[in-house]
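Trainee: Could we go through this one together? I'd like to start with the overall picture and then look at some details.

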Amino acid sequence: MALYGINAYMSNSYYSSLLSSGSKKYGNTNANSTSELYSLMKRADMVRSKSYQKSMMEEYKKVFSGNDTGTVESEKNLSAAAKKLSSSASALAVSGRTELNNRDALAEKVQTFADDYNATVDALQKSGSVDALKNGVYMTNTAKAYSGALGRIGIKVGSDNKLTLDKEAFKSADANAVKSILSGSYSFTGKTADKASGISRAAGLKAQVVSYTENGTLDYSTMLSLSSMFSERI
């Protein structure tokens, strides 16, 4: 059962009649825009298709591969881990001058962030959520893109996508470099917080979907959330 306000047939029929009436009213001047709308509709249908979701899952699993994926427990664990990561990353992203200048205390916060990040990477190995894995790939790719800058403040990005903090190197790193990486909505930690929040939400929804298929129950708030998503279907 797909939770959409209208099904694919109804939506295509509606848009076909709408576009048809628009063409009659305005003549051929809308031919190009009509063609573009049809193209977008086809792409939307492709994204909703099971074959497309399966192919995307296979691609994401090349980055995160593990056993016993997609269980209620594994998705709940991922949701919780990513929620912690979002919290620790957000705390760093809003750090002010006082926090940034207290390098010893800041190093402990960065260590907590790295631990939460690594726990999320581990938990992603057992996820069966397309959206959680997608956000996970974006998150780890962001870390790779920042690897040079992170290395200059004592944070290493490993081949396993995990972070390692050299506290002594961090404490002696340039203050401006530390600030640019850790502070602000568009900093590394700010972007990580955003993706971690997406991972947590997607994994939580996936846990509800798996629970539904096993027990036949789904809470109302989750049903509403699922109705607005392409990937997580019942």
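**Fold and packing**

Trainee: Among contacts between residues at least 6 apart in sequence, what share joins residues at least 24 apart?

Mentor: Contact here means heavy atoms within 4.5 Å. Taking the contacts between residues at least 6 apart in sequence, the share that joins residues at least 24 apart is 73%.

Trainee: Before going on, what sort of model is this?

Mentor: It's a predicted model, where local features need pLDDT of at least 70, side-chain atom pairs count only at pLDDT 80 or more, and totals for chains, interfaces and linings use all residues. Residues are numbered from 1 along each chain as its sequence is written, and side-chain values use heavy atoms, with hydrogens and water left out. pLDDT is the predictor's confidence in each residue, from 0 to 100. The share of residues scoring at least 70 is 59%, and the protein averages a pLDDT of 77.

Trainee: How many helices and strands are there?

Mentor: Helices (H or I, at least four residues) and strands (E, at least two) are DSSP runs, numbered from the N terminus. In order, the elements go α-α-α-α-α-α-α-α-β-β-α-α-α-α. The count is twelve helices and two strands.

Trainee: Are H4 and H6 roughly parallel or roughly antiparallel?

Mentor: Helix H4 (residues 72–93) packs against helix H6 (residues 103–124) at about 155 degrees, with axes 8 Å apart. Axes are lines fitted to C-alpha atoms, for helices over the stretch in contact, and angles run from 0 to 180 degrees between N-to-C directions. Under 35 degrees counts as roughly parallel, over 145 as roughly antiparallel, 65 to 115 as roughly perpendicular and the rest as oblique. So H4 and H6 are roughly antiparallel.

Trainee: Which residues of H4 make the contact with H6?

Mentor: On the H6 side, the residues include Phe113, Tyr117 and Leu124. From H4 come Leu78, Ala81, Ala82, Lys84, Leu85, Ser88, Ala89 and Leu92.

Trainee: Is threonine 189 buried or exposed?

Mentor: Threonine 189 is in helix H11 (residues 188–215). Leaving aside neighbours within four places in sequence, threonine 189 touches Ala89, Leu92, Ala93, Phe113, Ile181, Leu182 and Ser183. Buried means under 20% relative accessible area, exposed over 50%, partly exposed in between (1.4 Å probe, protein chains only). With 0% relative accessibility, threonine 189 is therefore buried.

Trainee: What is phi of asparagine 161?

Mentor: Asparagine 161 sits in the loop between strand E1 (155–157) and strand E2 (163–165), and is buried at a relative accessible area of 8%. Phi is positive here in a residue other than glycine, near 75 degrees.
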